[in-house]
Amino acid sequence: MPLKRIISAAAIVVLAAALATLSLAAEPTDAKIADFTLPNGLELVVIPDHRVPVVTHMIWYKVGAADETPGKSGLAHFLEHLMFKGTAKNPTGRFSQAVAAVGAHENAFTTDDYTAYYQRIPSGQLRSMMEFEADRMTGLVLTDDKVLPEREVILEEQNQRVGNNPRARLGEQIDAALFLNHPYGKPTIGWRHEMEQLSRDDAIGFYRRFYAPNDAVVIVAGDVEPNEALKFAEETYGKAARHSNIQARDRPQEPPPVAVRSLTLADPHVEQPVLQRDYLVPSFHTAKPGQSEALEVLAHILGGGSNSRLYRALVVDKRVAVSAAAWYDSSALDMAKFGVFGAPRQGVTLPQLEAETDAVLADVIGKGVSAEELERAKSRMIADAVYAQDNQVSMARWYGSALMTGSTVSDVRGWPGRIRKVTAEEVQDAARQWLDKRRSVTGYLIKDASPQAEKKS
Amino acid sequence: MTRFLAAAALAALALFAGAPAASAMTIEKIVSPSGIEAWLVQEHSVPLVALNYAFHGGSAQDEADRAGTANLAADLLDEGAGDLDGKTFHERLENHAIELGFNVARDYFHGSLRTLNENRDEAFDLLHLALSAPRFDADAVERVRGQMLSVLRRDSTNPNSLASRRWWETAFPDHPYGRESRGTLDTVARITADDMHDYVRRAFARNELTISIVGDVDAKTAGALIDRAFAGLPAKGDLKPVAAASPRGMGRLIVINLDVPQAVVAFGGQGLARHDPDFMAGYIVNHILGGGTFSSRLYKEVREKRGLAYGVSDSLVWFRRAAVVLGGTATRADRASEALAIVEAETKRMAESGPTAEELAAAKAFLKGAYALSLDTSGKIAAQLTQIQLDNLGIDYIQRRGAMIDAVSIEDAKRAARRLYGGGMLVTVAGRPKGLTSSAE
């Protein structure tokens, strides 16, 4: 309901935006988190929470859209869909029927860096779910009668998420302009003309290349003891053979950004123009110690809610915008994005809004942040760590996304302590160093009022 | 990129997915020192408190030409209250990491609060201010109105919103249930601070209040906190009655032309009241037809076999004075008529033959097992307890629910299926669906 606070995920990767929020979460101060590695290389993390007889079981594979071969965009996500099509041992539907039979919930998701599958189940079902999931790690069987209708499904998903959604299309264009060389520039869901050509052989080849115990992390959160989860994992996942040829994820990296870029997307259905700017910045994995935490605090102070600089200045004081926000998602294996967003009030042009936005950024770069706003931001962010402990799914997703993007369990546990240490100088330095327009792409979304636009779709 | 996106969010209310049994929690009925009742679940392992509450009287209380009043008021409660202006109010919330949520549905105003235990007094004091002394300052009203108008302008070309709005307007013409809680561009422009003060005065009263509280508190502390927030409210509200209604337009197809690649479809008809003896049977049957799992009939026929859509589902929606079953899907324009024909054929088949014994058994197992999943965070538990209270299901409902599901026979299921799907559907489509045109009125 508080519409004003929603950062409309202009990016297509809706889920990654959700995870960005979660990544502010959770300090498991006294939770007994266990971290095991099986002889075949599979990592198992157990986050006990015995309040309700429920377990969240997730398997995360270290492969995402950024690992696709050029020309095959959308393949990682397509395979995610096809993983529900059955194996030699468990034909189509049997896994889902077993999930439904116990009232469990299942789903899966794909980002640029990882692909994950999960079930939320009554505690007693964990071993059975691990057995199904271990079977599907190596036993997938695909035939065209299953593959081809599912390709139609992902095309409809693309229509639903992107085709019918001008803000999502703006996000795609910004990504494509921001990343000159890195595959993060492609949409996670793919470009339609390439999705239309994806085949069964593409999917099976990708599966054989990346799905293996030594490329996966299993996260179990909820009503289970670590040793019990370990025993079940050994009996199920433990039987899968290690892959000898899993390659490091060495994606083409970005050259130093040197040009201020801007673009405009016009669409006849745009009733509310928006401004979105993304900067290329370090992720937790690529940053020097402390840099990523300073960027997180900076994003919160600049654009995290009603007290933030951008909201106060643009929406409340100067009244040039109906919404304004900033965000930063530190969980990327390679470079990350720092985003700034604003929607102008009627009668205010996008260049006017951009100038006012730049003034807010320049103020932080030039004068830094106050001790009071620093403290407020830090205490708000760290409190989320306590709130996350109330939600086993949040905990599982937080650890999973971190482990998929180069972090360790102890990195996650140390997050609140590192946020606490961020100084006002570090926040200002981060603004000065990274909020450089030459590192950014600024996108305008406007209404296309031309006569041709009315006719074509 | 989740694999399954629950079709367009077409239901007007996010109602709880019913729910079966099996949690060890104990629900206590408590009474605060000032006499306010609440349900409490003590949960001491995480140092937080989650409150969920509701007042009778949601957007159905809005005047037709001021639709959106309750919703706009809810958006403004934390924008200045008592002697705190909006800026100070927000700073106090954030300094203490206190989360207040306000949401308006047709029948109810819903509120939530989440706080760390150490800040609970401050949290309940701020809630008290927001509910009892909202300021509706002119500058805040204009700002938040501008935000709402921006959202409504976006909605005006959004196919999901267009299909949904037209469905409700057609099903409930001249009735408050036919109007969206957020109102329209015209009505929101007219709302005044006085309208909002009037809504608050009529709805935010102790006799209209339902409270659930979950967290690291004992009964005595919970009672004291409840009084901090609610004891100062007036004893009695002043709500307008809402007339009983049934959805109209069955058999009609309405196409809203919009040049988008994908057509968005809303379909539905008469539902079952929450206290109808067939409600549980209908709930199970609906799960079999289009509940949000990978094994529903609609999912298999529309998505899995034919790849016509990413999501398709339907659900029961119940109000105090009406009930509907409402579903949705989104499909490519050139195959929209095929997708709709399948939805119609499947609902007809369900109405005529009901589910099979195997489907019924599987759905019962699912719905019983899934219950614990809806109760795994403090906030979800509190929200569920509020809904159980609003629906007058009794404090032992969670224990009884499994047996209620088991008691549904195949005859019950067939009867409920006939009642839910035998009366035809009202269908709205936004997009350029090839081969579909609006039927005559």
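Predicted model: local features only at pLDDT ≥ 70, side-chain atom pairs only at ≥ 80, totals over all residues.

Trainee: Understood. How should I read a sheet, and in what order do the six strands of chain A lie?

Mentor: The general idea is that strands of a sheet pair through backbone hydrogen bonds, either parallel or antiparallel. Here, the strands of chain A form an open sheet in the order S1-S2-S6-S3-S5-S4, with mixed pairing. Strand S1 (34-37) and strand S4 (105-110) of chain A are the edge strands, each pairing on one side only. From one strand to the next, the twist averages 15°.

Trainee: Which way do S2 and S6 of chain A run relative to each other, parallel or antiparallel?

Mentor: They run parallel: strand S2 (residues 43-48) of chain A is joined to strand S6 (residues 216-222) of chain A by six bridges. Then look for helix H4 (residues 126-138) of chain A, which lies across strand S3 (54-61), strand S5 (115-122) and S6 of chain A. Helix H4 of chain A runs at about 20° to S3(A).

Trainee: Which strands does S8(B) pair with?

Mentor: Strand S2 (residues 37-42) of chain B runs parallel to S8(B), joined by four bridges, and Leu40(B) stands opposite Ile213(B). Strand S3 (residues 48-56) of chain B pairs with S8(B) in the antiparallel sense over seven bridges. There, Phe55(B) has Leu209(B) as its bridge partner.

Trainee: And helices? At what angle do H1 and H7 of chain B cross?

Mentor: Two packed helices are described by the angle between their axes and the distance between the axes. The axes of helix H1 (residues 69-76) of chain B and helix H7 (residues 193-203) of chain B come within 9 Å and cross at roughly 90°, which means that H1(B) is roughly perpendicular to H7(B). Thr69(B), Ala70(B), Leu72(B), Ala73(B) and Leu76(B) meet Asp195(B), Met196(B), Tyr199(B) and Val200(B). By class, this contact of H1(B) with H7(B) has seven nonpolar, one polar and one charged residues.

Trainee: How many residues of each chain are in contact with the other?

Mentor: 63 residues of chain A are in contact with 66 residues of chain B. On the side of chain A, helix H5 (144-163) is among the contributors, and H5(A) gives the most, with 10 residues. That side has 25 nonpolar, 24 polar and 14 charged residues.

Trainee: Which residues have the most contacts inside the largest nonpolar core?

Mentor: In soluble globular proteins, nonpolar side chains tend to be buried together. The largest nonpolar core here has 277 residues, and Trp60(A), Val265(B) and Ile284(B) have the most contacts inside it. Among the residues that Trp60(A) touches are Tyr114(A), Ile219(A), Leu403(A) and Met404(A).

Methods:
Residues numbered from 1 in each chain as written. Chains lettered and ligands numbered in written order. Pairing = 2+ DSSP bridges. Helix = DSSP H or I, 4+ residues; strand = E, 2+ residues; numbered from the N terminus. Axes fitted to C-alpha atoms, helices over the stretch in contact; angles between N-to-C directions. Contact = placed C-beta atoms within 7 Å. Parallel < 35°, antiparallel > 145°, perpendicular 65-115°, else oblique. Nonpolar A, V, L, I, M, F, W, Y, C, P; charged D, E, K, R; others polar. Core = buried A, V, L, I, M, F, W, Y, C linked by C-beta atoms within 7 Å. Buried ≥ 20, exposed ≤ 12 C-beta atoms within 10 Å, placed from the backbone. Lists of a residue's contacts leave out its neighbours within four places in sequence.
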